[in-house]
Amino acid sequence: MSGPSKKVVDVAFKASKTVDWDGMAKLLVSDEARKEFATLRRAFNEVNAQLGTKFSQEPEPIDWEYYRKGIGSRLVDMYKQAYESIEIPKFEDKTTPEYKPKFDQLKQKQQSLKESERLDKEIADVQELKKKISTMTAEEYFEKHPELKKKFDDEIRNDYWGY
């Protein structure tokens, strides 16, 4: 298999792997929506199966001799020459190299924004803790940090005092 048909099959296969059908199904609330969703999923799978079988095979070679016997060699030779002169252009992706760096920058920007939000929240928590530390009880502190309470309780229970 080569050319555009292989590209179509590859894209369809990748698309079927990236669709989160179960995740989308969890968002549906009505029975009618679930029914329509099941119909869409079935149609999607049928199209993928057709693409996988129909376009994954090389076409059978033309038996020119068979047609020469029935139609005549002059007409068949003309068709054969026209058929063999057809050149299917290869697809050249000129847009991906242009937009890939922009997409990567956007992805990095989104990641940095998420990290910035996380750090802002952490800074706010530390500032709040700094304000309350002088009046905070151990119970209030352990309420916010249960992992430390567990660690201290384990140390006391095991009679380990850090020496």
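This report describes the helices, surface, aromatic pairs and one arginine of a predicted model.

## Basis

The model is predicted, with local features requiring pLDDT of at least 70 and side-chain atom pairs counted only at pLDDT 80 or more, while totals for chains, interfaces and linings use all residues. Residues are numbered from 1 along each chain as its sequence is written, and side-chain values use heavy atoms, with hydrogens and water left out.

## Secondary structure

The protein has eight helices and zero strands, in the order α-α-α-α-α-α-α-α from the N terminus. Helices (H or I, at least four residues) and strands (E, at least two) are DSSP runs, numbered from the N terminus.

Helix α8 covers residues 146–157, 12 residues in total. From first to last C-alpha, α8 reaches 16 Å, close to the 16 Å expected at 1.5 Å a residue; the expected span is 1.5 Å times one less than the number of residues. Asp-159, which follows α8, has a positive phi near 55°.

## Annotated coiled-coil region

An unreviewed UniProt entry lists residues 109–139 as "coiled-coil region". UniProt positions are given in the numbering used here, feature names are shortened, and annotations may be inferred rather than shown by experiment. In the model, residues 109–139 are 84% helix and 0% strand, and the end C-alpha atoms lie 40 Å apart.

## Burial, surface and contacts

Of the 163 residues in the protein, 6% are buried (buried: under 20% relative accessible area; exposed: over 50%; partly exposed: in between; 1.4 Å probe, protein chains only). The protein exposes about 15000 Å², and carbon and sulfur atoms supply 57% of that area (Shrake-Rupley method with a 1.4 Å probe; for residues, only the protein chains shown count as cover).

Among contacts (heavy atoms within 4.5 Å) with a separation of 6 or more, 41% involve residues 24 or more positions apart.

## Aromatic pairs

The whole structure holds six aromatic pairs. The rings of Tyr-141 and Phe-142 form an edge-to-face pair, because their centres are 6.2 Å apart and their planes stand at 65°. Rings of Phe, Tyr and Trp (its six-membered ring) pair if their centres lie within 6.5 Å; planes under 30 degrees apart count as stacked, over 60 as edge-to-face and the rest as tilted.

Tyr-141 is partly exposed at 26% relative accessible area, and Phe-142 is partly exposed at 21%. Trp-21, Phe-37 and Phe-44 are linked into a cluster by ring pairs.

## Arg-68

Arg-68 lies in helix α4, residues 64–70, and is buried, with a relative accessible area of 19%. Leaving aside neighbours within four places in sequence, Arg-68 is in contact with Ser-73, Val-76, Asp-77 and Lys-80.

The side chains of Arg-68 and Asp-77 make a polar contact at 2.4 Å. A polar contact is a pair of N or O atoms within 3.5 Å; within protein, one must be able to donate a hydrogen and the other to accept it, and residues adjacent in sequence count only if both atoms are side-chain atoms.
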